[in-house]
Amino acid sequence: MIAFLRWTRDIALGTLNGIVMFAFFVALVVVALLVVGLVEGDGLPGRMVLNLDLRTSPPDSSHAPNLFFERRTPPVMDTVLALDRAGRDSRVKGVFLQLGGGLSVAKAEEIGAALMRFRATGRFVVAYAQGFLDPGLGDYLTAASADEIWMEPKSPFSAAGTGAGAIFLRGLFDKVQAVPQMVKRADYKSAADMFMEKQMTAPDHLQTTAFVQSWYNSAVKAIAAERKLAPTSVVASLQASPQFAEDAKRARLIDRLGYDDEARRGARKRAPGAKLVAMADYARATEDEGMVGRGPHVALIEASGDIVDGSADHGSLGGSEVIASDDYAGAFRKARNDKSIKAILFRIDSPGGSVTASAQILEALQEAKAAGKPVIVSMGPLAASGGYYVSCAADKIVAEPATLTGSIGVLTGKVSIGKTLALIGVGATDIGAGKNALFDSGIEPYTPDQLANLNMQADVIYADFKQKVAAGRKLPLSQVDNIAKGRVWTGADAKPIGLVDQLGTFWTAVGEVKKAIGVSPDVRLVFKQYPEKEGFFAAVADLLSGSAVGVRAVEGLSTLIETPAAREVIGALEETPRDPVRLRATNLPAQ
């Protein structure tokens, strides 16, 4: 027994010693990288063309810490901010843009505007597509922002229009005796229709047709302006798709035919001697530049994903993107209490989620306003339901023309599968003490009393949602009632009815911030990002973010991290201590 205890002690001490040695090794690597980084600076070449690869559609923003990253397309907001820095960086001569990831129209509007802003500084943008494979208009709309568009010979030009659709499961549920019981407020809250209907309802057909047509109109107008073509000519050309690159060239939709190496050479000829640098590398190496300066300090709160209660624990290696209410309410409160912060710029991309989480974030936003901090909202591709709820009290709301917003409504309910399980020989029993202990049971349907209770909850929350919108937007409640009902609107359609104040992109919202704090349009703002990164690995990422040599070394270190022993140690370090009613617009096309 004594020998066993000694053996156990030795194993425990050996494991602890291994953890300490590994942590010490990582610390040494970090110190070495910092020393090299200080000597080398950001490690970027003195003359460069940035390579923006959009063949994978990026998220709007990302806040999950991710030290051990792979090369990837940076989030839309990282690209927008990096292009702003590049426009002031004398080393950057242009951008080589690659497309083919099926961008949404809203993302294309944001990225395209950033590229046009970059070009206005005297730089160039050359776009290349091995083929415009997606029938949507986002990829081509982004390309239209370039000085020159290249396509591979005989490649497909499939850009044709905009579309959306939905799947309805009620027929299947009836066959398998599943019981869907969904409550929605109101007619246009189509997320419930997926479970309750066998086909698209008339209200959903109306709203879907409206936002699809709005996307199309916005894209055609922008393409015509940027390509200097008549809108009727653009429409005629798009109606000819799918077609070949040669057809698109004859229609003046593109400029050159050639392969990727030819297009790269064409870009480099515009900047002799320049090296091609990945946009992700440039964004990481220069990200601290936007956080220092002499201008007014503004809090930049980027929120992307479902709205959930509590705090998000992403872990050192990154994690899923959510808008956790504790984290984002905390971000607003920190910005409110920071005397150096003059205003808050809230970037939102969300279909909504928990009503309690949404209310917590909205309350924190209102507290910031009450403390004298103007709050300006910049809507990304999607700010609907809970995503609109958390925005409605802002001083100003700026949306892109293709943003999906509104969806002022409520969704709740469940699908009971007790009979379905019985069909396949599976027994299931729930036992509860208390009349409504099994309210959310997935086995038994709601009783009539429970369903009445659920409808009462939906009525109360829907009325409260409308009241908050009316107060925040300074609109009569009767007007809000008419434009609510769960209906989704594009930004272009939301502006005339008062749901948003202005159409534009992130930089339009920045202009509204400058107006709110009383500075001239040419003053440069200094952004402080919230929520702040936390934890050891996030701190290491911050220390390395200004050094391209650090980036390269960390990419090498990631190989070490992937070894089984190292992952066990990291897992041990990670373990160290440190609603039924929803506001969500789920039945929407991917943005």
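Is arginine 270 buried, exposed or partly exposed? At 38% relative accessibility, arginine 270 counts as partly exposed, where buried means under 20% relative accessible area, exposed over 50%, and partly exposed in between (1.4 Å probe, protein chains only). The structure is a predicted model, in which local features need pLDDT of at least 70 and side-chain atom pairs count only at pLDDT 80 or more, while totals for chains, interfaces and linings use all residues. Residues are numbered from 1 along each chain as its sequence is written, and side-chain values use heavy atoms, with hydrogens and water left out.

- Six strands form an open sheet with parallel pairing, in the order 8-4-3-2-1-9; strands (E, at least two residues) and helices (H or I, at least four residues) are DSSP runs numbered from the N terminus, and two strands pair if DSSP finds at least two bridges between them.
- Strand 8 (256-257) and strand 9 (275-278) stand at the edges with a single partner strand each, so one side of each is left without a neighbour in the sheet.
- Strand 3 (residues 124-129) is largely enclosed by the rest of the structure, because six of its six residues are buried.
- Phe124, Val126 and Tyr128 point one way from strand 3, whereas Val125, Ala127 and Ala129 point the other way; in a regular strand the side chains alternate between the two faces of the sheet.
- Strand 2 (residues 92-99) runs parallel to strand 3 and is joined to it by six bridges, with valine 95 standing opposite valine 125.
- From strand 2 the chain crosses through helix 3 (residues 105-119) to strand 3 in a right-handed β-α-β crossover, a term that applies if, with the strands pointing away from the viewer, the path from the first strand over the helix to the second runs clockwise.
- Helix 3 is itself largely enclosed by the rest of the structure, since eleven of its 15 residues are buried.

**Strand 13 and its partners**

- Nine of the ten residues of strand 13 (residues 341-350) are buried, which leaves the strand mostly covered.
- Strand 13 runs parallel to strand 10 (residues 297-304), joined by eight bridges, and also parallel to strand 15 (residues 375-384), joined by six bridges.

**Salt bridges**

- A search of the whole structure finds 28 salt bridges, each being a side-chain nitrogen of Lys or Arg within 4 Å of a carboxyl oxygen of Asp or Glu.
- Glutamate 148 and arginine 270 meet through their side chains in a salt bridge (3.8 Å, N to O); glutamate 148 lies in strand 4 and arginine 270 in the loop between helix 10 (260-269) and strand 9, so the pair ties together parts that are 122 residues apart in sequence.
- Arginine 284 and aspartate 281 form a salt bridge (2.8 Å, N to O), and, being three residues apart in helix 11 (residues 279-286), they are separated by about one helical turn.
- Lysine 435 and aspartate 449 also meet in a salt bridge (3.8 Å, N to O), and both of these residues are exposed.
- Asp60, Glu110, Arg347 and Glu400 are linked in a network of salt bridges.
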